[in-house]
Amino acid sequence: MKNINVYGSGCKNCTTTAELIEKTALQLQVEINISKVSDLQAIMEAGIVSTPAVSVDGKLVHSGSVPDQQKVKEFLS
Amino acid sequence: MLDWFTYFADWLTYSLFNLTAGSRLAGAVHFFIEDTSKILVLLLVLIYLIAVLRASLNPEKVRYYLQGKNRFLGYILGSVFGSVTPFCSCSSIPLFMGFISARIPLGVTIAFLLTSPLINEVVVVMLGSLLGLKFTLIYIAIGLSLGISAGFLIDTIKGERWLAPFLAAQYKRDDAIPEIEHVHKSMTLVERHQFAKKEMLTIFTRIWKWVVVGVAIGAAIHGAIPDAWFSEYLGAGQWWSVPVATLLAIPMYVNATAIVPIIESLLLKGVPLGTTLAFCMSAVAVSLPEFMMLKQVMKTQLLILIAGYLLVALSLLGWLFNAVNF
């Protein structure tokens, strides 16, 4: 079980990112617990400068764009 | 080389559509075809080339470079980075907070954020192709100075008083500034190509409609409104036309991409350079949606201050450019 946070202010790119991760996890049959973080203070405390950003089990793995599927596979596996 | 687009527009307008040369309609149609075809082709090529060059630049890297710099160098760097760093406008809030929590001076952050919508590769390409090199350089110089002086002003009057409380607390903390770790990755040519290709497609699909809208408005101004109207209401004779134009443009939410063909049209109609610049830069730099977003991280006083600064600075600029004939 991986805990995944998608950080973003709720813009379209952030939703797309979350959907992509859910879809990919389903394909790879990885169990995930995904949550969207839009609280500004939480985003700041995570040290994020550009959104959408993704963390897996507390570790920041991507920021600044919608990741491509290859990258999502890498950090899910 | 750019003549090709004129020939192409000639052929479409006069041969294919069979419009009479010299009529207003033909003028507007010709203007529209020439500008859209020229801009779209140039954008595709140049966005790609620029993206290859700046592939490894991102907000994290900029923050790393800006941290702990001398204040004045910081304003200049902030502005320059603001113009070359790509980031989605929905990112401006996290970026703002990220800079503040790294205790980069508020002014430097403001310089970055203010320059960013004014100058970017798309605007530069469009200005260059429609209005020529001299105008483009003037525009860039103004954009950078607006950012630099805003940063200086805001730090001088201690603008951090008006940050949202949770950020103000973060900014004032006097424990050691957190060192930012930054891993420099070098990119291979293939990675740069992939980044550039993606960037080109994303930017292009996002902005082509802005280009069409902007050129259509430009063409409408070009074909429908008589020159006399402009010289009567927007000529250099009326001093008040500059601040009024700036003020009118504030609530407009216009992408910088759409504004360039409008600039071209206004200038062709004989609207003075200063008035045109003030109107257009104000439309691009300040937008209500952006301000609503920034409201989450700063108090109203600071927002009003920034809007007021732009109104004054752009009016001064407008008058200056109207007085000095370029």
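How many residues lie between strand 3 of chain A and strand 4 of chain A in their hairpin? The model is predicted: local features need pLDDT of at least 70, side-chain atom pairs count only at pLDDT 80 or more, and totals for chains, interfaces and linings use all residues. Residues are numbered from 1 along each chain as its sequence is written, while chains are lettered from A and ligands numbered from 1 in the order in which they are written.

**View 1. The hairpin of strands 3 and 4 of chain A.** Two residues separate the strands, and A:Asp57 in the turn has a positive phi of about 45°. Strands are DSSP runs (E, at least two residues) numbered from the N terminus. Strand 3 (residues 53–56) and strand 4 (residues 59–63) run antiparallel, joined by four bridges; strands pair if DSSP finds at least two bridges between them. A:Val54 has A:His62 as its bridge partner.

**View 2. Strand 1 of chain A beside strand 3.** Four bridges link these antiparallel strands, and A:Ile4 stands opposite A:Val56.

View 3. A:Lys2 counts as partly exposed because it has 15 C-beta neighbours inside 10 Å (buried means 20 or more other C-beta atoms within 10 Å, exposed 12 or fewer, partly exposed in between, with C-beta atoms placed from the backbone). Among the residues that A:Lys2 touches are A:Val30, A:Ile32 and A:Asp57, not counting residues up to four places away in sequence; contact requires C-beta atoms, placed from the backbone, within 7 Å.

**View 4. The contact between chains A and B.** Chain A supplies 12 residues and chain B 16 residues.

Key: Two residues are in contact if their C-beta atoms, placed from the backbone, lie within 7 Å.
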